[in-house]
Amino acid sequence: MAEESLVYLNRKDLISAFVRSFFLQTVWNFERYLSYGVAFALLPVLKKVYSSTEERSQALSRHLEYFNTHPYMASFVLGAIIRMEEEKQQLPKARQKQKEEEISALKVGMMGPVAAMGDNLFWATVRPYCGLLAVTLVLSSAFQVKGQYWVIPLLFLIVYNVAHLGIRLTGFIQGYRKGDQVVLTLRKYGFQESIRGLKYASVILLGVLIVFVNLSELEKEMGLFILKLTFFTAIVGLFTFALHRKISPSQLFYAVVLFALMLAFWPDLSAPPQMSHFAPSKPALAGFPMEMKLTKGKP
């Protein structure tokens with residue numbers, strides 16, 4: 001193929017495809033799931049890479065096949081597909097069919113593992129962690145500025161979308177740079193370790209949240225609050241050490257909840273009720289002196 005006939009994508013083409021990737025679920029359906037969204041995101045690239053209408057239609061038909069994965073993590077796959085489509089156009093005609101099969105194999109092979117990783121990272125880890133963080137800030141009185149609670153939902157959205165947009169953009173860039181080697185990039189970022197760390201951080205944050213539920217009573221006794229906070233810090237240290245012993249997250253969760261409840265209510269549960277020896281057990285009747293009530297029944 002002559003050098004002058006080769007087409008290379010520029011930054012504008014990549015930005016257009018990335019912006020369109022936010023609409024992956026626009027025409028979501030039970031038959032092909034995200035395939036229409038993928039074709040919509042790739043359309044500017046296919047128009048640039050394939051000059052003839054016939055080649056463009058064939059490429060679009062290939063990407064209308066069944067495809068389903070996590071919408072955020074799909075950027076890794078999209079970037080790799082764009083790179084491989086660009087490489088396919090630069091190959092001789094005899095090798096382009098093989099490249100098409102490689103693109104299809106990449107999509108089929110990656111959509112399952114990427115979907116599982118994205119569901120575990122975002123739906124089961126990042127989103128609950130951000131929710132716990134927001135609720136903890138509400139109960140800790142960190143933003144009690146006369147009705148300015150709107151700051152906390154805004155903070156939730158900022159923290160969540162920093163992770164979301166960061167991974168989405170990084171995945172698209174790395175997918176385009178690495179092409180069919182993008183799988184190695186996923187391993188390098190260590191998402192599984194991040195998921196494990198955030199889950200344990202969520203467990204600890206849940207314990208802090210339970211303490212804050214009863215913080216209004218502790219604010220009056222600073223010494224007791226410091227004692228409980230020290231005790232809680234020691235428990236966190238012990239659990240951190242236990243992480244290396246491969247204790248299951250569910251066991252750790254219930255243990256933290258138990259200790260957090262102990263910290264929230266102890267020593268209130270063990271303290272005897274404060275009863276006055278001089279105050280009457282029942283209110284004095286109106287119109288009668290107190291002395292008459294206390295000596296009632298005596299001659």
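I will start with one residue. R62 sits in helix α3, which covers residues 53-62. Please keep in mind throughout that this is a predicted model.

Is R62 buried or exposed? Its relative accessible area is 16%, and the cut-off for buried is under 20%, so R62 counts as buried. What does its side chain do there? The side chains of R62 and E85 are joined by a polar contact of 3.1 Å. Setting aside neighbours within four places in sequence, R62 touches Y50, E85, K88, E100, I103 and K107.

Now the overall picture. The protein contains 299 residues, and buried residues make up 37% of them. Among contacts with a separation of 6 or more, 76% are between residues 24 or more positions apart.

Next, the packing of the helices. Two packed helices are described by the angle between their axes and the distance between the axes.

Helix α2, residues 35-49, and α3 have axes that come within 10 Å and cross at roughly 155°. That angle makes α2 roughly antiparallel to α3, because the cut-off for that term is over 145 degrees. The crossing of α2 and α3 is right-handed. Which residues of α2 and α3 meet? From α2 there are A39, L43, L46 and K47, and from α3 there are R56, A59 and L60. By type, the residues of this contact between α2 and α3 are 5 nonpolar, no polar and 2 charged.

Most residues other than glycine have a negative phi. Y33 is not a glycine, yet its phi is positive, at about 55°. Where is Y33? Y33 lies in the loop between α1, residues 11-20, and α2. With a relative accessibility of 22%, Y33 counts as partly exposed.

The second pair is α4 and α6. Helix α4 spans residues 74-89, and helix α6 spans residues 151-178. Their axes are 6 Å apart and the packing angle is about 25°. That makes α4 roughly parallel to α6, because angles under 35 degrees fall in that class. The crossing of α4 and α6 is right-handed. On the α4 side, the contact involves S75, F76, L78, G79, A80, I82, R83 and E86. On the α6 side, the partners are I167, R168, G171, F172, G175, Y176 and R177. How do the residues of the contact of α4 with α6 divide? There are 7 nonpolar, 4 polar and 4 charged.

Helix α7 covers residues 182-189. The axes of α6 and α7 come within 8 Å and cross at roughly 140°. That makes α6 oblique to α7. The crossing of α6 and α7 is right-handed. Helix α6 contributes T170, Q174, G175 and K178 to the contact, while α7 contributes V182, T185 and Y189. These residues divide into 2 nonpolar, 4 polar and 1 charged. G175 of α6 is in this contact, and G175 is also in the contact with α4.

Helix α2 is roughly antiparallel to α3, α4 is roughly parallel to α6, and α6 is oblique to α7.

Terms used:
Residues numbered from 1 in each chain as written. Predicted model: local features only at pLDDT ≥ 70, side-chain atom pairs only at ≥ 80, totals over all residues. Heavy atoms only, no water. Helix = DSSP H or I, 4+ residues; strand = E, 2+ residues; numbered from the N terminus. Buried < 20%, exposed > 50% of the residue type's maximum accessible area, 1.4 Å probe, protein only. Polar contact = N/O pair within 3.5 Å; in protein donor to acceptor, adjacent residues only side chain to side chain. Contact = heavy atoms within 4.5 Å. Axes fitted to C-alpha atoms, helices over the stretch in contact; angles between N-to-C directions. Parallel < 35°, antiparallel > 145°, perpendicular 65-115°, else oblique. Left-handed = near helix turned anticlockwise from the far one by under 90°. Nonpolar A, V, L, I, M, F, W, Y, C, P; charged D, E, K, R; others polar.
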